[in-house]
Each structure stands twice: as C-alpha cells, then as structure tokens.
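Hi,

Here is the model I promised to pass on.

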Amino acid sequence: ADMGQLEGRAYARAELGQMLKEAGFSRYRFYSVLPALVRPQAIFAEDYLPEEELEVRIFPQYHYPDTVFLEEERLYTTLIENGLFHILANGYFVECPMDGCFSNVRQVTLSMDRGAMNGLMTVIRRDDKVEKRALYEEGKKKLQQMMENQTDLQKHGVRMVDACLDGDAFVMPYVKGESGTDYFRRIFYEDRELFLEKLDGLWELILHSSEHVPYEDVDWEHFEPGWEKRKADDPGKDKWRKAAFGSKEEQENLGVILKRGYIDLVCLNAFHAEGSLVFYDQEFYVENLPAKVILQRTIDLVYCGNTRMEALLPRDQLQKRYHLEEYKDLW
C-alpha cells in the first residue's frame, strides 16, 4: 500500500525533515523527547547521547496494562548501543532558527510535576556547563536554597561539584566522570568486597552529612509520614517513641536521626571521580530524617530492575548488614 494514502499514522524522522525542507527551512535540528511529547521529562539533541543509565531517570506512563509487553525504560540502554536511540524516539522537538544559529543545548531534563516552587529544568550546554533554572517565578528561591545546601554539605565533608549563582541560573561545570549508579553496579560484578567497602563508605558519609538529633528532641508522635491521618486512639502512635527509648537493639535498628536529611545524597546524584563520589543537585532536605532512609534509597536505585544482582547478592543481605530489615516499611 502507498504509505502516503494511509490515515492516522505516525511520520518517520526522515519524512519530517523532508516536510521542513519543502516548507523552506534549510537548517534545523531535531531533539528527541522522552517519554512523550505531552509530558516531557528529558530532551536530547540529535547529535548527543545520554551518558548514564536512563532507567532510573525517566518514568514512562502506560495507559492500559493489557498493552504493556515490555517496560520501555529497560530498552533505552540497548537502543543507545545499537544506534537507534534517536531514530526510535517517542517524539521530537525541532529547532528551526531563522538566522541559522542553533541554541547552545545538548540535553534538557525537566521536573514539572513537583509544583511551582520545585519545578526546575537542568540544561547541559555545549560549552561544558550545566545550569539549573526555575520553570516558574516561585522557584527562583529554590536556587538560592540549593546554594545554601551546597555550602552546608561541604562544611560537613561532602565533595560537591563546584557551583555558583549566575543571574537566574545555578551553574556547574559538566563532569565527565562515571555516574554513581553505574559505578556501584560495575564494581558489584568486578569485586564484591570492594562494592561493600564503598557502600560502607557512602553510609559513613551520610551519617556525617548533618548533625545528629538527640532522641529526646524528636517529636515521635508526629514522626512517621502520614501521622495526620491517624486516629486519636491509635494504639501504635507511641511505637517510635518506645523504640527510641527501648532496648539497645531497637535503638540500633532505628539508628541516627539527621538534623538535615538530604534525601538526594544517593548514587543517582553523584559521579565517581578521582577515587571518590562527588555529589550534585542537592535540592531537598527533610528535617529530623532517619539516616537509613537515604541509604535505603541508594540500595534501591543500584538494584532497580537488576534481577542478576538480586540473585548474586540478595537485597535482604544488605538489609541485615545495615540493620534495615526491622523497620524497612518506615524507610
């Protein structure tokens, strides 16, 4: 059948390029949009490929379970390896500069589902700079907070990617190191003892990333998320107070409470460079947060979608190593 006679079909990128030429645009640049045009999370220039695993960055949306036979996020790495990443993108943004000068952008990552205050975009520029900008006016205060968070973490011995405020942008150099998630996965297969040693090191870093809050100063009744939905006569409302002031084993299972719990102090927001982890994008902290919440996040991110790792070293063994199993629902 003649493809031109079909109705309701999608168009290949080559066809779109031909349409642009026929419309008079001699210069244009395609940007691949993931996971969908209607709610973009990441945009990549046609001459640039992501340098990290995308399965923990991009979260596709499926409209009906019966139509899902493969999780899209599991495909991104093999598409890149086989030269199909841009060809099989879910949608395109096309830049057609009238003066012939293209923008200085390789990649844009968007977080538009977190409200006006926290909505940011991260732009990887072609001059090897990375900038974060607020998507809404209210979010400009967030950039100031990020700078303050950066200074606070550095004071506590956390290596951070250098950053500064430049007008309405939070600017960092582009780091060409191995992503923290990829690093942990690589050494897991190469040297299991080294993997555990480096995970222990990250745990120590988390423990020293903020001051420790004495148990006496914690509002235990309002400690667990969702406490406001609890009934007044709930027999479990004193559960965490009893644990905090209970046996040595209960206290060990509960662990350290951080004055500022930087929930993104995880492998996803780090590079491995010059023998240690270097962190970036520390937008958030939660007051009076158990340190084990952050460690649990890194373990979950490293193991995400990796059944082989689970078979070689079950996550349960790491839970026991760090005394995470008793209160894992809380973490």
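Below is what turned up, starting with the ground rules.

This is a predicted model, in which local features need pLDDT of at least 70 and side-chain atom pairs count only at pLDDT 80 or more, while totals for chains, interfaces and linings use all residues. Residues are numbered from 1 along each chain as its sequence is written, and side-chain values use heavy atoms, with hydrogens and water left out.

First, the sheet. Eight strands make an open, antiparallel sheet in the order β3-β1-β2-β4-β5-β6-β8-β7 (strands are DSSP runs of E with at least two residues, helices are runs of H or I with at least four, both numbered from the N terminus; two strands pair if DSSP finds at least two bridges between them). At the edges sit β3 (91–95) and β7 (164–166), each pairing on one side only. β1 (residues 29–34) pairs with β2 over four bridges, and L34 stands opposite A42 in β2.

Now the pockets (on a 1 Å grid over the protein atoms alone, a pocket is an open set of points with protein on both sides within 12 Å along at least five of seven lines, for a 1.4 Å probe; lining residues have an atom within 4 Å of a point). The largest pocket holds about 1,200 Å³, the volume being the space filled by probe spheres set on the points, which are joined across faces, edges and corners. Its lining has 47 residues, and E52, R57, T109, T122 and D281 are the closest to the centre. β4 gives the most to that lining, with four residues. By class the lining of the largest pocket has 25 nonpolar, eight polar and 14 charged residues (nonpolar is Ala, Val, Leu, Ile, Met, Phe, Trp, Tyr, Cys and Pro; charged is Asp, Glu, Lys and Arg; the others, Gly among them, are polar).

The second largest pocket has about 240 Å³ of space. Strand β13 (residues 286–290) gives the most to its lining, with five residues.

Last, helix α5. Eight of its 11 residues are buried, so α5 is largely enclosed by the rest of the structure (buried means under 20% relative accessible area with a 1.4 Å probe, protein chains only). Among the buried ones are Y183, F184, I187 and F188. In α5, residues including Y183 and F184 meet residues of α6, including R192 and L194 (contact means heavy atoms within 4.5 Å). By class, this contact has eight nonpolar, no polar and three charged residues.

Cheers

How values were computed: Buried < 20%, exposed > 50% of the residue type's maximum accessible area, 1.4 Å probe, protein only.
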